[in-house]
Amino acid sequence: MKINWNFVKFVLGMSVLIFLLSFSAHRYSSKPLEDIIIHIDYGEGKYFLNDSLVKRIIDNREMKVSQFTMGQIRVDQIENLLNDNPFVAHTEVYKDINGKLKIDLKQKTPIARINDGLNNEYYLAEDLSTIPLSSVYSAQVLLVGGNVDENDYEGIKNMIEIIKADKLLKNHVIAMRKEAPNSFNLLINKGDYIIEFGELERIEEKFENLKLFYEQYLGKVGLDYYEKINLKFNNQIVATKRESDEK
């Protein structure tokens with residue numbers, strides 16, 4: 001029987017390769033964790049989390065990741081743990097061949113700070129989830145008061161996006177307040193008047209009417225001439241003068 005030496009060499013080579021891979025995998029698995037490298041997205045000035053807080057989350061009572069070997073580290077478990085944190089939008093965790101655990105973390109983006117008048121105060125995030133207040137960071141976002149509920153979140157987000165995109169509105173509107181179901185007022189930083197905005201719909205149209213009113217009337221009579229500016233009606237603005245000006 002003729003021996004196929006090429007086949008024998010192939011089998012021996014594969015056996016040696018499997019042994020070496022198995023040995024390397026075992027050696028890597030028993031290697032202690034050398035370092036935890038954390039990269040946090042601080043875009044738009046978000047500082048809810050830092051390296052110390054992230055390490056504290058993954059080094060909790062049930063799991064001391066910093067004391068694990070590389071084989072004991074479960075990447076999916078760490079990702080789930082971090083993603084459950086209310087300040088975290090998304091996390092990617094991976095291990096490298098040098099014994100380092102790397103964490104890329106994206107924080108949620110707050111767009112409004114809501115106080116519902118029932119001792120509940122929190123941030124509304126860009127993805128319409130809620131974020132608790134933080135003891136280490138206070139976001140500079142629009143204030144929203146009143147009996148706000150989940151049905152208002154999308155309208156509030158749309159309103160804020162339009163305000164942020166407009167230089168005049170961004171520097172003028174400082175807060176919103178829900179006065180009744182589907183009815184909001186706007187508070188401004190200059191002038192002693194309120195803007196009755198009404199429902200959070202036809203937002204761009206209402207703001208265009210408001211800016212036109214500023215240009216044609218308010219700039220001439222002064223910021224304290226009116227008590228209320230009502231934007232609720234289609235294609236018109238109803239402005240209420242102060243009583244002292246009506247006499």
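Biologist: Where is the place of His172?

Modeller: His172 sits in helix 5 (residues 167-172), helices being DSSP runs of H or I with at least four residues and strands runs of E with at least two, both numbered from the N terminus. This is a predicted model, in which local features need pLDDT of at least 70, side-chain atom pairs count only at pLDDT 80 or more, and totals for chains, interfaces and linings use all residues. Residues are numbered from 1 along each chain as its sequence is written, and side-chain values use heavy atoms, with hydrogens and water left out.

Biologist: Is His172 buried or exposed?

Modeller: Buried means under 20% relative accessible area, exposed over 50%, and partly exposed in between, with a 1.4 Å probe and protein chains only. His172 is buried, with a relative accessible area of 9%.

Biologist: Which salt bridge does Lys228 form?

Modeller: Side chains of opposite charge can pair when their charged atoms come close. A salt bridge is a side-chain nitrogen of Lys or Arg within 4 Å of a carboxyl oxygen of Asp or Glu. Here Lys228 forms one with Glu196, the closest N and O atoms being 3.9 Å apart. Lys228 lies in strand 11 (residues 226-230) and Glu196 in strand 10 (residues 194-198), so the pair ties together parts that are 32 residues apart in sequence. Lys228 counts as partly exposed at 31% relative accessibility, whereas Glu196 is buried at 15%.

Biologist: How many salt bridges does the structure hold?

Modeller: The structure holds eleven, and one of them joins the side chains of Glu121 and Arg113 at 2.8 Å, N to O.
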